[in-house]
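Subject: Structure handover

Hello,

Please find the structure below. My notes on its aromatic rings follow it.

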Amino acid sequence: MYGRIRDDLVKGLEEIRGAGLYKEERVITTHQGARIKVSTGQEVLNFCANNYLGLSSHPRLLEAAHAALDRWGYGMSSVRFICGTQEIHKTLERKVADFLGKEDCILYAACFDANGGVFEPFMDKDTAILTDALNHASVIDGIRLTKAQRHIVQHLDLADMEAKLKESQGARYRLIATDGVFSMDGDIAPLKEICDLAEKYDALVMVDDSHATGFMGRTGRGTHEYRDVMKRVDLITTTFGKALGGASGGCVAGPQEMIDWLRQKSRPYLFSNTLPPIVAAGTCAVMDLLSATTELRDKLERNQRLFRKLMTEAGFDIRPGDHPIVPIMFGKFPNDAPLAQEFARRLLAEGIYVIGFSFPVVPRGQARIRVQLSAAHEDEHIRKAVEAFTKVGKALKVIA
Ligand SMILES: *Cc1c(COP(=O)(O)O)cnc(C)c1O
């Protein structure tokens, strides 16, 4: 009987709307890219995609995907271990493992599934997981699916991590789980210090590198390259849905035995359909592209640095960092949450598409606009964005 729950939902939805937190979808009528059109007909510069390398509509990927459609077909109608594995899936696993510097790799339909399937096969009630308080929702959910003792470590707090490693000495195995880059701040995990602690206390290290694979580090391998711990991180989960073409899919990369074990035990792998061949082929093309040249990640780095420099000169309070996620902070204003929303709305009118985030997505008093740079941006796009920020910033008295 659809009765009482309906009334509750109507009320709940009204509360979300009343709090100004109702999420709307903006409909895009073009390919993904630096310049997109939305359904109102307006053309805008996109500064809120995870399209870090500008590969989402890259001609090389479209070509690879078209060719794969003809060569491998549309769908496999099977999980991997029944009749859902083609050569293209094995090729992709090899390429991704090599790119990340790991022995092997196992594909999932999404990184959400990779994180949902990576913990439970290894971690029973006699084990312990240490997890950063700001880890991605899918890491949190994956850990919830285990019976392991759970220790929530304060965000990037190494002293707290060490205290919790001391507390959990009795566990048969321990695993430290962290995002490589945290999506709301662009904070980069101190993996060197984390690996030192893991070595000292005999723990495994798992990094979700969804916001880093393809561009962090000198050759774009990820946060483990950026922090110079390529061989010391045990498990990496990542997505193909951000920098690596942005379609979908994810994986776990790590030591041979752990990946073999996941192929036997990991539930999202065993009970969910295989990655579509065109996505596997597109991601293979990305791996080839990124292994051949660092051109795109170099351009992204230049773009990120240019934007940070110009915004700082314009007088904005930006969170310092070295990542294409650049949060523009409004915390020093008492009305930070509505201010960030209004700022983003006015930027859209100026043709700059960004999103304002406020509580409960980020802590109270830390409302922000999150800008994400891409290798698809040209200097003129970045300058146009800074001009728009400056114009709106003066009108709203955020800068002098
Ligand atoms: C985006 C993201 C995911 C989810 O990846 P999907 O492939 O879209 O499921 C997981 N973890 C982190 C840290 C992410 O940023």
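R17 lies over the face of Y22, at 4.2 Å from the ring centre. A charge sits over a ring if NZ of Lys or CZ of Arg is within 6 Å of the ring centre and within 35 degrees of the ring normal. R71 is placed like this too, with its charged end 3.9 Å from the centre of the W72 ring.

This is a predicted model: local features need pLDDT of at least 70, side-chain atom pairs count only at pLDDT 80 or more, and totals for chains, interfaces and linings use all residues. Residues are numbered from 1 along each chain as its sequence is written, and side-chain values use heavy atoms, with hydrogens and water left out.

The structure holds eight aromatic pairs. Rings of Phe, Tyr and Trp (its six-membered ring) pair if their centres lie within 6.5 Å; planes under 30 degrees apart count as stacked, over 60 as edge-to-face and the rest as tilted.

Y108 and Y269 form an edge-to-face pair, 6.2 Å centre to centre with 65° between the planes. Y108 is buried at 3% relative accessibility, and Y269 is buried at 6%.

Finally, ring pairs link F47, F307, F316, F330, F343 and F389 into a cluster.

Regards

Terms used:
Buried means under 20% relative accessible area, exposed over 50%, partly exposed in between (1.4 Å probe, protein chains only).
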